[in-house]
Amino acid sequence: MTTFEESGASTAEDPAVSRWLFVHDHHFVPCDDFIGSRSGFGAKLWERYLPYCDAITVIGREGAPAPREELIVSSRESVEFRLLPDRGRGLARLRAFAEARVILEQVIATHDVVIARVPSVLGLMAISIARRMGKPVAVEAVGCAWSAMWDHGSAAGKAFAPIHWRQMRKAVGRADNVIYVTENFLQDRYPTRAQNISNASNVELPPSDIIEGQPTLDRATLTKRLKRIECAVQGELRLGLVGSLRVRSKGIQFVLPALKSLKRCDRPFSFHVLGAGDARPWIEEAKRHGVADLVTFHGSLPEGQAVFDWLDHIDIYLQPSLQEGLPRALIEAMSRGCPAIGSNCAGIPELLDERMVVPMRDVDALLQRILALMADSDEMARQAMRNFKTAHAYLSPTLAERREAFFRKVQAQSLGQL
């Protein structure tokens, strides 16, 4: 097990210090002077919890080494990491479960609150242990346990899917505090009897201004988008997707055969993918479909403005995912006024116009929707305006208010005030 403490002095033995524990299966990468993440777990994340406690311990998985430039810095002051090795398969994995349970029992005993992000094996294990110890638990429901296992790509994953689904339903159903990333999807699939319930996406868009007391996105972004749509009537259209190349859950494999059929239309186009990972298997797959000349893999970019700038050069954003909660990349694309097409996976239909939603794995439906949008600049403009407006619901001040109310109640429980 790897231990890394950013604050420089352990708080584990000081009873006057309020300690919260965050548990998830995310793979963190230890470096010489920091703990990194390949995506989604930057140091800013811990600011959600630190206003309510003095220190945070993060239990996750130890990820494979990676070049420093590919990592987001996750570590920061007052945050300690205890990373469990990924034991692989078979008996080694079973032994790892037993080891993880012992470690979780030891750590949970010295912490005041457990934040369990699910679906995750470690998160569900932590919920069970914390309930038995009488510790307050805040459950963050960020995705569907069934999809996480079923679309894993392995026979073992499919076999474990119904078990993981039942475990998550039980854990969420019995929880005292649950915060969902969706408006309806996860709430319907994993209902709860909790008294403290909220919803707040993990995606937080930075507002550009405050108008009449309300945060807002920069209207100039939409103006530029509509001008781009107007000027691109006869030019090349750039299709885009943001997602890790290490997994097949983002649906790149459904876009590539659609591109082969798109080649028969008169409109010039290209497909651009932004995301970390080895592009070579995808390039080979594109060659098999005869579309390698139309596909560009851009690698990764730092979170924030660099990604927004990249999205500003995409004409139609694609999210044909197999597994999601509420996809960050899609919301970010919408905030840049991108017309977008997505699958009917998890929370995606909550974001998009229903006409822009296609069934998962349906290459022909994806193709037909792309063709229709490419041929109708007026519809592209309507979708751009709609998406830009919808994205305002994910501005960070709005979400911060919901989280603050939620975690204030969790804090009160830990102090015996509820």
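# Notebook: one chain, looked up piece by piece

**Overall size.** I checked the radius of gyration (taken over C-alpha atoms; the globule rule is 2.2 Å times the number of residues to the power 0.38). For 418 residues a compact globule would come near 22 Å, and the chain has 22 Å, so the two agree. The model is predicted, so I noted its limits: local features need pLDDT of at least 70, side-chain atom pairs count only at pLDDT 80 or more, and totals for chains, interfaces and linings use all residues. Residues are numbered from 1 along each chain as its sequence is written, and side-chain values use heavy atoms, with hydrogens and water left out.

I then looked up the box that the C-alpha atoms fill along the principal axes, and it is roughly 70 × 55 × 40 Å.

**Make-up of the chain.** I found 14 helices and 18 strands in the chain. Helices (H or I, at least four residues) and strands (E, at least two) are DSSP runs, numbered from the N terminus.

Next I looked up burial. Buried means under 20% relative accessible area, exposed means over 50%, and partly exposed is in between (1.4 Å probe, protein chains only). Of the 418 residues, 52% count as buried. The chain exposes about 18,700 Å², and carbon and sulfur atoms supply 51% of that area. Accessible areas come from the Shrake-Rupley method with a 1.4 Å probe, and for residues only the protein chains shown count as cover.

I also looked up contacts (heavy atoms within 4.5 Å). Among those between residues at least 6 apart in sequence, 71% join residues at least 24 apart.

- The peptide bond from Val118 to Pro119 is cis, with omega near 10 degrees. Pro119 sits in the loop between strand 7 (113-118) and helix 2.
- Ser78 is not a glycine, yet its phi is positive, at about 70 degrees. I placed Ser78 in the loop between strand 5 (72-73) and strand 6 (79-84). Its relative accessible area is 22%, so Ser78 is partly exposed.
- Arg361 is not a glycine either, and has a positive phi of about 70 degrees. Its loop runs between strand 18 (357-358) and helix 12 (363-374). Arg361 counts as partly exposed because its relative accessibility is 42%.

**Empty space.** Rolling a probe the size of a water molecule over the atoms shows where empty space is left. On a 1 Å grid over the protein atoms alone, a cavity is a set of points where a 1.4 Å probe fits but cannot get out. A pocket is an open set with protein on both sides within 12 Å along at least five of seven lines, and lining residues have an atom within 4 Å of a point. Grid points are joined across faces, edges and corners, and a volume is the space filled by probe spheres set on the points.

I started with the second largest pocket, which holds about 420 Å³ of space. It is lined by 14 residues, and the closest to its centre are Arg101, Leu124, Met125, Ser128 and Gln167. Helix 1 (90-109), helix 2 (121-133) and helix 4 (155-174) are the elements that give two or more residues to this lining. By class I noted seven nonpolar, three polar and four charged residues. Here Ala, Val, Leu, Ile, Met, Phe, Trp, Tyr, Cys and Pro count as nonpolar, Asp, Glu, Lys and Arg as charged, and the others, Gly among them, as polar.

The search of the whole structure finds three cavities of 30 Å³ or more. About 50 Å³ lies in the largest cavity. Its lining consists of Arg48, Glu140, Val142, Ile179, Val181, Ala200, Asn202, Arg403 and Phe407. That lining divides into five nonpolar, one polar and three charged residues.

I looked up Glu204 in the loop between strand 10 (196-199) and strand 11 (209-211). With 27% relative accessible area, Glu204 is partly exposed. Glu204 and Ser396 are 192 residues apart along the chain, but 4.6 Å separates their C-alpha atoms. Leaving out residues up to four places away in sequence, Glu204 touches Arg48, Tyr394, Ser396, Leu399 and Arg403.

His298 is in the loop between strand 15 (295-297) and helix 9 (305-311). His298 is partly exposed at 33%. Its C-alpha is 7.2 Å from that of His272, 26 residues apart in sequence.

Gly134 lies in the loop between helix 2 and strand 8 (137-141). Gly134 counts as exposed because its relative accessibility is 61%.
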